[in-house]
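Welcome! Take a moment to look over the structure below before reading on. The notes after it are meant as a friendly guide.

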Protein chains: 2
Amino acid sequence: MKVGVFDSGVGGLTVARSLQQSGCFSELLYYGDTARVPYGNKDKNTVTRYALEAVEFFNGTDVDCLVVACNTVSVTALAAMQQQSNKPVYGVLEPGVLALQQLEGIDNDARILIIATRSTINSGAYQQRIQALGFHCVDAIATPLFVPIVEEALFEGPILRETMHHYFSELVKPDVVLLGCTHFPLIAPQIADYFDGAKTIHSGEAMVAWLKQELGLTNHFSQTPIQLLASENVEALQRTAKHWGLAGT
Amino acid sequence: MKVGVFDSGVGGLTVARSLQQSGCFSELLYYGDTARVPYGNKDKNTVTRYALEAVEFFNGTDVDCLVVACNTVSVTALAAMQQQSNKPVYGVLEPGVLALQQLEGIDNDARILIIATRSTINSGAYQQRIQALGFHCVDAIATPLFVPIVEEALFEGPILRETMHHYFSELVKPDVVLLGCTHFPLIAPQIADYFDGAKTIHSGEAMVAWLKQELGLTNHFSQTPIQLLASENVEALQRTAKHWGLAGT
């Protein structure tokens with residue numbers, strides 16, 4: 001199975017890496033809309049228009065399905081994309097929620113913290129689904145500064161520490177942090193440490209678990225080549241992919 | 001004289017504010033390309049394409065001239081814009097360099113620090129012009145994190161302090177800091193303090209001085225109404241304009 005992976009920029013590479021490492025897929029084709037990144041503070045109509053342009057692109061390729069490796073797009077434009085696509089389209093929202101439900105040692109009294117871009121948080125999409133499952137201690141905050149901090153590769157150190165303190169210091173300590181932005185897995189260890197070892201949910205790992213379950217996939221590819229495309233400056237995307245540990249980049 | 005002001009997003013509002021406060025202009029029309037902001041990490045072809053679309057927009061309006069209130073665009077696409085525009089187009093680069101040359105108490109031995117987005121720094125445009133004037137102690141560094149920090153209104157406090165430390169701690173103390181991004185005037189006092197009272201050059205103030213000199217303008221408008229337009233979410237632009245102190249917003 002050849003999978004298309006779409007993101008506004010580089011963040012979705014964390015999802016692509018999980019897909020690649022799962023060994024369930026023959027090939028990946030990644031497209032990042034780097035000419036218009038980031039989507040996280042843009043409005044619904046704009047994000048939907050850009051997402052549908054990506055669907056048009058993937059409609060003309062030989063991928064078997066399309067993974068939306070971006071929470072903002074998944075929350076905002078998934079239904080529109082599914083309608084316009086000539087292949088199945090999977091967003092990261094449902095897999096993330098399912099991963100939460102399946103976490104060991106977590107019951108409905110657990111305190112859940114959702115962190116994401118402003119548009120993902122403002123949509124209320126995660127909050128509604130998680131509360132509908134019976135979790136009743138749910139905090140949700142927009143943490144937009146984590147995106148450029150990750151893009152500047154400041155995965156640890158005082159800027160990240162002060163930014164975590166800025167966003168987190170007034171919160172009750174969560175048991176689980178749902179990383180509602182595909183940039184955030186790169187700082188997941190620091191976030192878990194800040195909260196004394198809270199569990200974290202990662203969109204890429206959640207997507208792999210969900211696709212395995214949904215499509216009955218098993219691991220059998222020892223290598224999954226990835227082709228990287230971008231709306232501008234594909235060299236920068238390639239450098240980031242290499243830096244973030246994607247095989248063959 | 002009615003002036004058009006173009007920026008990728010909200011940053012150019014600092015320039016619009018200087019134009020407004022100068023009293024030299026009858027009216028301002030501001031257009032921010034908020035659907036595709038930021039431009040600072042995007043490549044030359046992309047920025048030029050977006051800038052020419054803005055020129056097309058202003059060609060259809062009644063403004064008498066167009067101010068490019070964005071260093072990235074001024075450095076990257078000014079000549080292309082001037083060619084395609086049906087009115088004069090002014091960038092912030094020449095005014096900033098002239099302001100440096102005219103600073104009191106600053107001679108060619110002064111140490112100059114240029115801070116800007118990655119694309120502005122990488123272009124070398126400021127460095128070349130400033131060195132051509134005879135300044136021989138010139139540092140230039142990209143400080144991209146200041147942009148989202150300003151957009152999050154964190155104009156002071158520990159995140160800004162740690163970020164300044166990250167970018168500045170290894171530098172020799174400058175006498176003048178050229179703020180090569182229109183977001184940076186909002187943190188100019190903190191930057192000046194970090195460097196024990198270094199002078200700062202602000203694209204908006206530099207543009208006003210330069211237009212006065214270039215066009216022989218005198219102050220005579222007690223009010224300069226501003227109309228704000230955006231490629232998306234003009235309400236957010238209006239809120240920022242109000243927050244940043246633009247009159248009548």
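What follows is a short briefing on domains, chain contacts, paired side chains and some backbone details.

Please keep in mind that this is a predicted model. Chain A is assigned two domains, and chain A also touches chain B. Over all chains there are 14 salt bridges and 26 aromatic pairs.

**The two domains of chain A**

- Domain 1 of chain A is made of two stretches, 2-91 and 205-244, while domain 2 covers 95-203.
- Taken over C-alpha atoms, the centres of domain 1 and domain 2 of chain A are 21 Å apart.
- How many residues of domain 1 of chain A are in contact with domain 2 of chain A? There are 25 of them, and they meet 25 residues of domain 2.
- Together, domain 1 and domain 2 of chain A bury about 1,900 Å², with 59% of that area on carbon and sulfur atoms.
- Between these two domains of chain A the number of salt bridges is zero, but 13 residue pairs are in polar contact across their interface, both residues being at pLDDT 80 or more.
- Three helices of chain A, α1 (13-22), α3 (71-84) and α10 (203-215), each give at least two residues to the side of domain 1 that touches domain 2.
- Helix α10(A) makes the largest contribution to that side of domain 1 of chain A, with five residues.
- By residue type, the side of domain 1 of chain A that touches domain 2 has ten nonpolar, eleven polar and four charged residues.

**Where chain B meets chain A**

- On the chain B side 25 residues are in contact with chain A, and on the chain A side 25 residues are in contact with chain B.
- The two chains bury about 2,000 Å² between them, and carbon and sulfur atoms carry 56% of it.
- Which three residues supply more of the area that chain B buries against chain A than any other three? They are B:L145, B:E152 and B:I159, which supply 26% of that area.
- Two salt bridges are counted between chain B and chain A.
- One salt bridge joins B:R118 to A:E152, and their closest N and O atoms are 2.8 Å apart.
- There are also ten residue pairs in polar contact between chain B and chain A, with both residues at pLDDT 80 or more.
- Helices α2 (44-59), α7 (146-151) and α8 (158-168) of chain B each bring at least two residues to the side that touches chain A.
- Of the side of chain B that touches chain A, the largest share comes from α8(B), which provides six residues.
- That side of chain B divides into twelve nonpolar, six polar and seven charged residues.

**Side chains that pair up**

- Within chain A, A:E94 and A:R129 form a salt bridge, with an N to O distance of 2.9 Å.
- This pair links distant parts of the chain, as A:E94 sits in helix α4 (residues 93-102) and A:R129 in helix α6 (residues 125-132) of chain A, 35 residues apart.
- Among the aromatic pairs counted over all chains, B:F6 and B:Y31 have ring centres 6.0 Å apart and planes at 15°, so the pair is stacked.
- B:F6 belongs to strand β1 (residues 2-7) and B:Y31 to strand β2 (residues 27-32) of chain B, so this pair links parts of the chain that are 25 residues apart.

**Backbone details to look for**

- As background, most residues other than glycine have a negative phi, and most peptide bonds are trans.
- In chain A, the peptide bond from A:V37 to A:P38 is cis, with omega near -5°.
- You can find A:P38 in the loop between β2 (27-32) and α2 (44-59) of chain A.
- In chain B, B:V37 and B:P38 are joined by a cis peptide bond with omega about -5°, and B:P38 is in the loop between β2 and α2 of chain B.
- Is the phi of B:D196 positive or negative? The phi of B:D196 is positive, about 55°, although B:D196 is not a glycine.
- The loop that holds B:D196 runs between α9 (188-194) and β8 (199-201) of chain B.

Notes: Residues are numbered from 1 along each chain as its sequence is written. Chains are lettered from A and ligands numbered from 1 in the order in which they are written. This is a predicted model: local features need pLDDT of at least 70, side-chain atom pairs count only at pLDDT 80 or more; totals for chains, interfaces and linings use all residues. Side-chain values use heavy atoms; hydrogens and water are left out. Domain bounds come from an automatic or database domain assignment. Contact means heavy atoms within 4.5 Å. Buried area is the accessible area (1.4 Å probe) that two parts lose on being put together, summed over both. A salt bridge is a side-chain nitrogen of Lys or Arg within 4 Å of a carboxyl oxygen of Asp or Glu. A polar contact is a pair of N or O atoms within 3.5 Å; within protein, one must be able to donate a hydrogen and the other to accept it, and residues adjacent in sequence count only if both atoms are side-chain atoms. Helices (H or I, at least four residues) and strands (E, at least two) are DSSP runs, numbered from the N terminus. Ala, Val, Leu, Ile, Met, Phe, Trp, Tyr, Cys and Pro count as nonpolar, Asp, Glu, Lys and Arg as charged, and the others, Gly among them, as polar. Rings of Phe, Tyr and Trp (its six-membered ring) pair if their centres lie within 6.5 Å; planes under 30 degrees apart count as stacked, over 60 as edge-to-face and the rest as tilted.
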